[in-house]
Amino acid sequence: MLLNETHDPGLQSWVASAHKADTDFPIQNLPYGVFRRQQGAEAWRGGVAIGDAILDLAALAALPDHERPLDSGAAQALQAASLPRLNALMALGPAAWRALRLALSRGLRVGAPQAAAWRACLVPQAEAEYQLPVEVGNYTDFFTSAHHALNAGRVFQPGRELLPQFKWLPIGYHGRASTVAISGTALQRPAGQIMLPGQTRPVYAPTRQLDFELELGVLVGPGNALGQTLDLPQAEQQLFGLCLLNDWSARDIQAWEAVPLGPFMAKNFLSTISPWVVTFEALAPFRVPLPRSADDPPPLPYLDHPVQATQGAIDIELEALLLPAGQASALRLCQTNYRHAYWSAAQMLTQHSSNGCRLQAGDLLGTGTLSGPEPDQAACLLELTQGGRQALTLPGPTQRHWLEDGDTVVLRGWCQREGVARIGFGECRGQVVPHAPTQGPEAGLNSA
């Protein structure tokens, strides 16, 4: 992906908070979200994060033409971006995305003639609440970290090697779109069938092995027609943006149900995403080669392209933090990087369409748990505690085998390198609340 004037590290915004060294949202970022003011009756609408503020795109779209001089492509994209979901913007494709990003960048720069009019369109982030930025039609979670695949496999089978297909294709499973939720949504501890150690009959009980998974979510652009396949260059043009994703998991439920058909009730109760979507265009300065060794098999031709080899990965630093109930300071669970993923976002999308499967604007692809090669880069408790056998000791001292009621997990991500403006993703958080019995399958529940 080519760099352009919007990536210039010397750009300055008339929004003063966008200049802070640690901001996630300088003028070089401009991520999209959907918001409204808290505790009001305002309509949801699209916005762009800039410093500690949000540029209200609906308010911007309502300005007279002379106060928002846009070409036709940018004007159409602005109208789509101001709606209560971003699907219409995503459906327009990369030319419209680039046109709007350029127009927003120019209007937010120091010296922009429209600055006074645009300033009235700012809303403080501290006064905002958020909803899902897109209507998620379908959600597919992939398995792109070789380190997670190896470490998780060895929890259950010591000495196990990677499954033979891992280095030949991006593996995925169909998740549950209806339970994708916005950051801040509480996670009620789920229940399900569990086979307790030494027993021959399962029980239906709240999970004792609740876990987080540090992932990224890939949001798809226009999509493809039924029966149409996407090659890698076409897939690159379909990539709208990335968000943080916590794919919460109940490991004891997963262990009982996963064979023969894989994850189901252990993962479909909630997946949390961040409110801000960082565009692939904003991430262009951070593209790096995919990790491959001389011993790895060459990808099949439909999954191979020179651009993927040289810049298929993205250098995104990621961390997961634990905030125990009643504690003021968060404790780091892990820090990893997206550059360690074996398969790229474009390869995930190409694989998904390779049998003619139809994808649509707003579809969500999860990267899978993004563990790195070092022990402290393990991106879930399953790996960090060796399946709950070894307590993870954190400062305090705090110990965890699995998540406890009252725990809040916070995911963060940022990109940073010499000569380029630092950009970030904000945060994705969720708090575990106690299980609430119902009158459904738990009536007469056997104690676990």
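**Arg412 and Glu319**

I looked up the pair Arg412 and Glu319 and found their side chains joined in a salt bridge, 3.9 Å from N to O. The model is predicted. The pair links distant parts of the chain, 93 residues apart. Arg412 belongs to strand 25 (residues 408–415), and Glu319 to strand 20. Glu319 is buried, at 5% relative accessibility. Arg412 comes out partly exposed, at 32%.

**Arg339 and Asp315**

I then turned to Arg339 and Asp315. Their side chains form a salt bridge at 3.3 Å, N to O. Here 24 residues separate the partners, and the pair again links distant parts of the chain. I placed Arg339 in the loop between strand 21 (331–337) and helix 10 (345–353). Asp315 sits in the loop between strand 19 (313–314) and strand 20 (317–323). Asp315 counts as buried at 15% relative accessibility, while Arg339 counts as partly exposed at 34%.

**Other salt bridges**

I noted 25 salt bridges in the structure. One of them joins the side chains of Glu42 and Arg37, at 2.9 Å from N to O. Both ends of this pair are partly exposed: Glu42 has 26% relative accessibility, and Arg37 has 31%. I also found a network of salt bridges that links Asp211, Glu213, Asp247, Arg251 and Lys267.

**Nonpolar cores**

Which residues have the most contacts inside the largest nonpolar core? I listed Phe212, Leu242, Ile316 and Tyr338, in a core of 66 residues. A second, separate core has 49 residues. Among its members I marked Leu30, Tyr32, Ala53 and Met90.

**Cysteines**

How many disulfides does the model hold? I counted zero. I looked at Cys334 for a reason. The closest cysteine sulfur to that of Cys334 is in Cys380, 8.4 Å away, so the two are too far apart for a bond. The cut-off for a disulfide is 2.5 Å between the sulfur atoms. Is Cys334 buried or exposed? I have it as buried, with a relative accessible area of 2%. Cys121 is buried as well, with a relative accessible area of 4%.

Conventions: Residues numbered from 1 in each chain as written. Predicted model: local features only at pLDDT ≥ 70, side-chain atom pairs only at ≥ 80, totals over all residues. Heavy atoms only, no water. Core = buried A, V, L, I, M, F, W, Y, C linked by side-chain atoms within 4.5 Å. Buried < 20%, exposed > 50% of the residue type's maximum accessible area, 1.4 Å probe, protein only. Salt bridge = Lys/Arg side-chain N within 4 Å of Asp/Glu carboxyl O. Helix = DSSP H or I, 4+ residues; strand = E, 2+ residues; numbered from the N terminus.
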